[in-house]
Amino acid sequence: MNKNHRVQSSRSLSAVEVKSKFGAEFRRFSLDRSKPGRFDEFYGLLQHVHRIPNVELLVGYADVHGDLLPINNDDNYHKAISTASPLLRLFLQRKEEADYTAFGTDSLTRKKNTVLSAVLLRPDANRKKPPVIISLPRDFRPVSSIIDVDILPETHRRVRLYKHGQEKPLGFYIRDGSSVRVTAQGLEKLPGIFISRMVPGGLAESTGLLAVNDEVLEVNGIEVAGKSLDQVTDMMIANSHNLIITVKPANQRNNVVRSGGGGGGGGGGAASGSSGRSSDSGASYYGYSSQAAAASMPMHIIQNFPVDELESEDEDLVIEADGEAEPIRRAPSNYSMPSLPRYEPHLNLRAATTSVSSSALSINANGTLPASGSSGSLSNTNATSTTSSPDRATERRSLEEDGTVITL
Amino acid sequence: MKRFRRHGQESQRDRLKQELFQFNKTVEHGFPHQPSALGYSPSLQLLAIGTRSGAIKLYGAPGVEFMGLHDENAAVTQVHFMPHQVELVTLLDDNSLHMWTLRGHKGLSELLEIGRFTLTGPPGAPPSVTRVTAVLAHASGELLLLGTEGGHVFIVEVPGFRELEERNISLDQVAASVPDDYIGRRNLEHVEALQENPINPNQVVIGYGRGLMVIWDLEKQCAIQHIPATQQLESVWWTEDGSYILSSHSDGSYCRWMVGGEDVNEEEEKSDIPYGHFPCKAISKIIQLPTEEGPPFLLFSGGMPRASYGDRHCITVIHSKTHVALDFTSRIIDFFVIRDGLQHTGDPSALVVLVEEELVVIDLQTDCWPVIQTPYLVPLHSSAITCSHHVSAIPLKLWERVITAGELQHTHYSKKPWPITGGQNLAPDPPQRDLLLTGHEDGTVHFWDASGVCLYPLYKLSTAGVFHTDTDPNDNMNQGAEGEWPPFRKVGCFDPYSDDPRLGIQKIHLCKYSGYLTVAGTAGQILVLELNDEAAEQTVEAKVVDLLQGQEGFRWKGHTRLDVREEPVLFPPGFQPFALVQCQPPAVVTALTLHSEWKLVAFGTSHGFGLYDYQQKNNVLIKCTLNPSDQLAMEGPLSRVKSIKKSLRQSFRRIRRSRVSLRKHHVNNTAKLQEANARLEAELAEMELAPVQRKIEARSSDDSFTGLVRTLYFADTFLSDSSHNAPSLWAGTNGGCVFAYMLRLPPVEHRADEPVTAQPAKEIQLMHRAPVVGIVVLDGHGAPLPEPLEVAHDLSRSPDMQGSHQLLVISEEQFKVFTLPKVSAKMKLKLTAVDGSRVRRVGVAWFCSSRTEDYGESGLTVLTNQGDVHVVSLPHVKMQVQYPCIRREDVSGIASCVFTKHGQGFYLISPSEFERFSLSTCHLVEPRCLVEAPLHSGSSNQHRSQPDGASSAHRTRQESEDAEVLQEIQKSLEGDQTSFLENNVKSAVA
């Protein structure tokens with residue numbers, strides 16, 4: 001061990017020492033730090049060294065802070081390799097018996113010991129920092145999504161902005177303008193509504209899905225054609241808690257291409273961003289489900305929402321003279337539903353933000369989880385999805401270069 | 001199968017909707033905005049007014065009204081009735097002539113445009129050659145003489161507008177016959193006036209701008225006489241006997257010329273500058289009318305000494321030794337005189353003056369020439385309207401008391417009946433008595449009879465007497481000191497200048513059963529008034545209410561409270577104030593309601609709301625709704641900034657009005673037009689440079705004015721538990737918050753001494769945070785709760801207190817129904833999220849079916865910021881119908897809208913006019929009237945010339961008989977089958 005350490009330190013630039021644990025068995029091997037390869041190669045390597053070629057695995061590693069983090073795509077694999085020091089400790093689980101709760105920590109309960117250290121690791125005496133807590137994606141609220149990719153023309157984009165109780169402003173302005181459209185009579189100049197300005201740091205800007213000079217075509221499914229600027233403004237504000245805007249982006253280069261096969265990468269990239277919301281139900285819509293599914297399946301984020309959640313923001317608060325504020329339920333006569341803690345903030349978003357941004361995952365400072373880093377990383381479909389991840393990653397990177405950061 | 005049945009139900013509902021709802025704009029009340037021309041037909045007894053916006057309006061007997069609109073958006077500059085016919089000709093600013101007629105159709109008359117015409121000159125001629133400056137409708141009724149800027153007179157045959165070129169009187173023809181010494185000096189200029197000889201229609205006098213007048217014989221086509229006046233000509237009048245011509249001039253002089261047979265250059269017989277010595281302004285029109293015995297009446301407008309009274313708008317009336325300069329408050333458009341007698345050739349009976357802001361009629365046969373109260377065309381804006389309130393179905397008792405109080409105020413009016421009596425009003429009597437109350441900037445409340453087509457003033461309440469104001473109440477009417485010259489007399493009621501903007505009335509609530517009225521104003525004052533038939537001297541106690549309730553850190557930067565008179569004030573019979581609440585800070589009152597059964601008044605401002613017990617005269621409740629982060633609420637901008645803006649706007653309007661004097665149209669209009677176009681283009685370019693953009697942001701709790709109280713509502717309902725109903729007060733704020741208070745009222749026998757208490761019961765925060773504009777409680781049947789005392793007066797069935805009540809909260813964006821007493825959301829209708837429009841005005845109305853009398857529904861009448869009106873069903877809040885009503889740019893029109901309880905509404909189309917509209921198939925108030933063509937024989941006019949006694953049954957019968965005779969004639973002439981129907985209508989009326 002000590003020798004290894006010395007060797008490692010002397011060759012720290014070239015090789016990463018790996019200690020992989022599956023059940024009670026350990027395997028040690030090394031990887032070239034400069035050329036880690038792709039995740040699927042790595043995954044195959046693990047199956048090979050453990051001699052479990054047909055076992056579906058969930059791969060986790062202990063990061064510098066002692067947290068158990070998943071490895072399921074190129075990005076977090078590379079991250080794991082680059083941050084491994086002195087050695088990369090891997091923990092493999094059978095997918096069917098995987099214990100997802102072991103990943104990260106539940107920030108609500110904030111157990112004294114991290115799950116990782118309690119369950120998997122020996123206590124690390126040298127650790128100076130308190131355990132950093134990572135939330136599961138389901139602890140986050142979605143901030144924006146692209147929806148209805150399957151039914152919209154490729155030149156259009158339907159964006160949903162979630163203005164939950166958060167303080168971040170929606171942050172954009174609209175203006176009158178004119179757009180040229182092809183009609184039966186030839187080209188025709190028609191009045192239209194355009195995004196005129198983005199507020200830096202606002203919700204609209206942070207999603208990267210809307211841009212200045214994008215033409216607004218619909219607001220929550222209602223066409224804006226023939227409506228005045230003020231009317232559209234009022235419509236947007238009235239829908240501000242759950243605003244769905246269909247735009248014709250001024251920049252048509254990042255459009256979702258739906259023509260199957262080769263185009264799937266781009267489509268998948270956008271669509272996976274849209275579907276990044278993690279939830280226990282409907283997981284098949286999420287993340288790195290098969291390429292074909294990502295491209296062809298209706299990416300209706302709405303259908304994954306419980307109906308009441310759509311409505312929840314619209315619920316009024318009643319304060320009884322003697323009691324405390326409570327949200328107004330729908331009249332019981334109409335329908336009954338499980339009582340959900342509606343107006344409790346879903347999670348303390350700020351706490352989550354800080355913890356996430358300081359963690360090993362690459363997370364935007366504005367508290368949104370970039371799709372590339374984490375989207376679907378913990379979903380139970382990651383194993384199958386990994387097959388196609390390398391070229392997707394490159395696609396995604398190109399998207400990012402265009403300033404289109406897809407966020408959850 | 002199911003689908004079919006459903007379809008059937010829907011179509012049934014659609015049919016029902018058609019039976020319940022229809023949209024009509026029915027009538028315009030008030031005074032036309034920017035009148036520009038006046039015409040009168042003695043034979044039809046109809047008055048016509050043209051406006052700058054191209055509208056033409058005809059008025060006869062009260063209820064007889066017609067309205068037409070020219071397609072061209074050009075000002076009407078002249079209106080002329082064709083003598084003894086039902087046609088009239090209008091001249092527009094764009095030099096087009098239009099022929100209108102009153103056509104009978106299904107027993108009613110309608111105003112129709114039947115022809116249009118523009119003079120065409122010879123090719124290559126400058127446009128001035130055919131620019132019409134003077135129009136004479138010839139007595140024959142077949143000719144129109146058109147004098148032009150080029151000095152020619154064109155003769156056109158009507159109604160076909162056929163130019164009779166051979167009869168035209170060209171300038172050359174006239175100039176050739178003019179004496180050399182005159183023509184040598186100057187050119188004749190445009191045709192300023194055309195008048196025919198009253199005793200010989202073949203002779204017309206042509207007055208040229210330079211002063212020369214030529215009497216022309218139309219038959220012989222030659223000049224008979226030249227009248228060589230040397231001053232710039234303003235108008236010409238041919239006296240009744242045909243022997244004199246009067247001319248008025250731009251230097252303030254008028255001349256009288258003898259009409260002789262021979263062509264000699266006579267000196268004027270008489271010349272006078274009535275207000276002379278110093279330079280005077282022009283006399284723009286002069287009239288002289290004989291009386292059967294005694295000296296004639298001489299009337300002229302203008303002529304005032306330029307330096308000292310050049311800004312007055314005066315008409316001088318001289319009769320015998322009486323000489324009065326009637327001093328109007330706005331610019332004189334035109335005037336005419338109504339004459340007695342069968343052929344309207346008798347003594348002058350009334351002077352009708354159209355000034356820019358009102359119509360004034362002066363009784364010339366009663367001493368002192370009092371004003372006759374106009375039954376229509378009343379200037380609503382005598383002081384700017386600040387709010388309005390409509391009360392339907394007034395009980396007869398209250399109605400009579402209001403009328404009595406009003407009559408005492410009208411004693412200075414002439415007792416003579418309205419002198420313009422043309423046409424027959426065939427509209428059925430209004431089914432109920434409706435009151436429209438308008439609050440004004442000067443602190444007055446006007447009560448209008450809004451039951452019928454004529455919006456008639458009933459009573460005027462002034463609240464200024466309660467307060468100390470800058471002006472001394474004694475000094476405003478004592479003008480016209482003895483021996484003053486000119487002998488001015490102020491007439492007219494248009495007075496836009498307010499003593500103190502704080503007096504402005506902002507909210508009104510009248511209980512029609514008890515006669516209690518509450519009005520609230522700009523400086524946070526709330527007055528409670530009681531109808532008293534006797535004059536009373538009393539002190540009004542003021543109660544100051546601190547709405548801030550200890551909220552720290554606020555400083556009111558707006559106006560101060562009004563000073564209350566502490567000594568007893570004498571109040572005339574009518575509504576007399578007995579209680580006064582003054583809010584602190586004295587912000588404008590934004591919501592007000594009164595419950596006469598509980599004797600409570602609730603009021604709200606931008607800072608909070610309060611509940612006042614006007615029996616015990618103390619406060620029951622004060623609630624501050626202010627958001628600590630809302631600093632704007634302290635500025636008092638709602639009152640201050642708004643009023644400054646308003647006054648600025650008004651002064652600009654005044655300047656513009658005076659600048660764009662419509663006086664003469666021969667000034668070159670093209671230059672003006674070009675200038676305007678250039679300005680418009682520049683404005684447009686500017687707009688394109690800086691595009692308008694709108695911020696998209698969710699409403700937050702710290703927006704400004706979230707605490708502003710928008711609506712207050714009293715309800716007897718189930719607020720705390722479902723078994724006991726109790727009085728409650730509801731308040732809705734701009735921030736989407738609803739406060740509910742439970743009220744405890746002492747038993748009736750202890751009402752005077754035990755306190756009324758209010759406990760907070762509920763607070764609802766609408767998450768969409770849109771301003772709450774209405775709150776209604778629906779009873780167990782889903783019907784809105786009746787008004788206070790309505791049940792006690794057996795005018796409404798008592799509400800269903802067995803079933804569960806529901807709360808309807810109307811915000812600008814949504815209609816939401818909640819259950820009571822446990823507030824849970826039941827139904828909603830999202831308006832803004834779907835439509836992009838926002839609720840501006842809302843009312844509860846009852847709609848009757850047009851087919852079955854016993855079926856009706858209650859619904860919400862809604863006006864949106866897009867100017868659309870909607871009907872929303874109750875209690876299911878479903879959108880029923882939608883109609884465009886007001887232009888969305890017309891913000892003040894939308895803000896002024898009031899709904900009635902029967903699906904009608906009013907909104908201001910100009911500062912002085914209400915448009916009335918109806919959403920109901922049953923409640924429609926629209927003019928239905930008939931005007932018949934006068935016959936040339938004298939007998940047909942017999943009944944008209946009789947003094948129009950209030951209503952003698954004999955006369956009515958006489959009239960209807962006459963009408964029948966006429967009918968017979970018409971029938972025989974036309975052989976029309978519709979006459980049968982007309983006959984029926986006639987007999988029904990008789």
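Reader: How many salt bridges are counted between domain 1 of chain B and domain 3 of chain B?

Author: A salt bridge is a side-chain nitrogen of Lys or Arg within 4 Å of a carboxyl oxygen of Asp or Glu. Between domain 1 of chain B and domain 3 of chain B the count is 0. The model is predicted, so local features need pLDDT of at least 70 and side-chain atom pairs count only at pLDDT 80 or more, while totals for chains, interfaces and linings use all residues. Side-chain values use heavy atoms, without hydrogens and water.

Reader: Which residues make up these domains of chain B?

Author: The bounds come from an automatic or database domain assignment. Domain 1 of chain B comprises 432-475 + 486-624, domain 2 comprises 716-829 and domain 3 comprises 839-930. The C-alpha centres of domain 1 and domain 3 of chain B are 28 Å apart.

Reader: How much area do domain 1 and domain 3 of chain B bury between them?

Author: The size of an interface is often given as the accessible area lost when the parts come together. Here that loss is computed with a 1.4 Å probe and summed over both parts. For domain 1 and domain 3 of chain B it is about 630 Å², with 66% on carbon and sulfur atoms. On the side of domain 1, Gln432(B), Leu436(B) and Val453(B) supply 55% of the buried area, more than any other three residues. Counting contacts (heavy atoms within 4.5 Å), 8 residues of domain 1 of chain B meet 9 residues of domain 3 of chain B.

Reader: Which strand order does the open sheet of 4 strands in chain B have?

Author: Strands are DSSP runs (E, at least two residues) numbered from the N terminus, and two of them pair if DSSP finds at least two bridges between them. The order in chain B is 43-44-45-46, with antiparallel pairing. Strand 43 (591-595) and strand 46 (618-624) of chain B each have a single partner strand, so one side of each lacks a neighbour in the sheet. Strand 44 (residues 600-604) and strand 45 (residues 608-613) of chain B are joined by 5 bridges, and Val601(B) has Tyr612(B) in strand 45 as its bridge partner.

Technical notes: Residues are numbered from 1 along each chain as its sequence is written. Chains are lettered from A and ligands numbered from 1 in the order in which they are written. Buried area is the accessible area (1.4 Å probe) that two parts lose on being put together, summed over both.
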